[in-house]
Each structure stands twice: as C-alpha cells, then as structure tokens.
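Here is a walk through one protein chain, taken one region at a time. Keep the sequence and the structure side by side while reading.

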Amino acid sequence: MSAKKYLVIASTLSLLFPATLAAETERQHGAHEHGVSQLKIALDGKLLKFELEAPGSDIVGFEHEAEDDTQKKSIQSALSMLGDPMSIFDFPVAAGCSVTASDAKFETEHEEEHEGEKHDDHDDEEGHAEFHVTYSLTCTSPGSLANLGLKFFDLFPNAKELEVEAVSNNGQIALEIMRGEKTINLSSIVAPITN
Ligand SMILES: [Zn+2]
C-alpha cells in the first residue's frame with residue numbers, strides 16, 4: 001500500500017471518528033490489551049483497505065525480537081499467514097475481491113521510539129510488540145461484502161477479540177467481534193447492490 005493512499009484513509013477516518021482516533025493514539029502510546037486486536041476497514045467504491053494491529057502475545061506468544069530459531073520461525077510463519085488476507089478473511093466469492101497489496105510487519109519497541117522518554121519505568125522486558133498488517137483489495141461487487149468471513153481466530157488461538165472500525169461513504173460502524181464469531185457484519189456500510 002502506498003503511503004499516500006494510507007493517508008487518505010487516515011484522514012477519512014479522523015473526520016468520521018475523531019474521538020475514537022484520539023483514544024487509539026493514546027492506546028498506542030500505552031500498552032495494548034493482550035487478547036484484543038484492532039482492525040480498521042475502509043471501503044471506498046471498489047477499493048477495500050484493512051489495517052490490523054495484533055499484540056505479539058496473541059499471535060506468537062511473545063513480544064520481543066526473536067531470540068532463537070524457534071521464535072524466528074514462529075514470526076516468519078505468522079507473517080506469512082498475516083500477509084495473506086485470504087488466509088485471515090473469507091471473502092464472499094460474489095464480491096469478486098482480489099488482493100492488490102499486502103504488508104505484514106512485526107514491530108518491537110525500538111530505542112528510537114523512546115527518545116526523549118524516561119526509561120526508568122520501562123525496561124525492555126516490559127515492552128510490547130505488535131504485528132502490523134495492511135491490505136488493499138479491489139472488489140468488483142462490494143455490495144456482496146455484507147458478511148465478511150473471519151478465519152483469524154482459527155489461526156491464532158490466543159486471540160480473543162477483534163475491535164473493528166469500518167467506514168465507507170455509507171457510514172461507519174464499530175464492532176466487537178469475539179472468538180467464536182465467524183463473520184463481520186458489514187451490511188450497514190456496504191453499498192446497496194444497484195448495478
Ligand atoms: Zn503487549
């Protein structure tokens with residue numbers, strides 16, 4: 001995904017969710033909640049974008065740089081699953097979605113992020129790490145996206161909840177999807193099928 005396109009989504013979201021975004025920023029500066037991943041979905045015409053942030057503990061069971069080969073493999077395997085939106089979601093065939101870009105990163109807390117911050121109460125062992133994932137897709141019939149299938153919880157047993165914010169020209173929704181739920185109901189933001 002290009003940085004430019006991402007900025008467009010971010011500004012759309014901040015217009016529609018000023019309060020939510022402020023809370024989000026605060027949360028990123030503090031600790032995320034283990035068990036809870038954040039998912040943003042933006043539908044703009046046929047363009048569908050996702051941003052997923054998942055605590056390292058939910059995905060690989062630890063939150064630091066890999067310290068041995070086993071951990072390295074866990075990260076690589078997680079990145080390859082997370083890097084494929086088709087493995088995380090089950091897109092309705094009728095929606096005709098195809099992936100145009102995807103990116104998955106494991107982000108540990110780096111020194112540079114702490115410049116100017118006090119280190120006294122925050123040593124590395126208490127740090128957090130997250131998987132940060134973005135996808136872009138085009139969907140020929142976005143009206144058919146009303147029920148987006150979810151495979152995320154099947155892949156990651158430690159993940160308990162997805163906090164979802166979804167936005168389109170039709171509106172915005174915030175949903176809490178708990179483990180055990182199999183779909184994300186996007187019907188209120190998906191455009192009615194008119195053509
Ligand atoms: Zn954490």
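The model shown is a predicted one. Is Phe153 buried or exposed? A residue is called buried when 20 or more other C-beta atoms lie within 10 Å of its own. Phe153 has 20 such neighbours inside 10 Å, so it counts as buried.

Leaving aside residues up to four places away in sequence, Phe153 touches Ala159 and Arg179. Arg179 is 26 residues from Phe153 along the chain, and the C-alpha atoms of the two are separated by 6.0 Å.

The largest nonpolar core has 38 residues, and the members that touch the most others are Ile41, Phe131 and Leu186. Helix H6 (152-155) is one of the elements that supply at least two residues each; the others are helix H4 (69-82) and strands S1 (36-44), S2 (47-55), S4 (97-108), S5 (129-139) and S7 (161-168). Strand S5 gives the most to this core, namely six residues.

With residues up to four places away in sequence not counted, Phe131 touches Ala54, Gly56, Ile59, Ala78, Leu82, Ala104 and Phe106.

How many of the eight residues of strand S8 are buried? The number is zero, so strand S8 (residues 171-178) lies largely in the open.

A further group of strands remains. Strands of a sheet pair through backbone hydrogen bonds, and the pairing can be parallel or antiparallel. Here, three strands in the order S3-S6-S9 make an open sheet with antiparallel pairing. Strand S3 (89-90) and strand S9 (183-185) are at the edges and have a single partner strand each, so one side of each is left without a neighbour in the sheet. Strand S6 (residues 147-150) is joined to S9 by three bridges, and these two strands run antiparallel. Within that pairing, Asn147 has Asn185 in S9 as its bridge partner.

Note on methods:
Residues are numbered from 1 along each chain as its sequence is written. This is a predicted model: local features need pLDDT of at least 70, side-chain atom pairs count only at pLDDT 80 or more; totals for chains, interfaces and linings use all residues. Two strands pair if DSSP finds at least two bridges between them. Helices (H or I, at least four residues) and strands (E, at least two) are DSSP runs, numbered from the N terminus. A nonpolar core is a set of buried Ala, Val, Leu, Ile, Met, Phe, Trp, Tyr and Cys residues joined through C-beta atoms within 7 Å. A residue is buried if 20 or more other C-beta atoms lie within 10 Å of its own, exposed if 12 or fewer, and partly exposed in between; C-beta atoms are placed from the backbone. Two residues are in contact if their C-beta atoms, placed from the backbone, lie within 7 Å.
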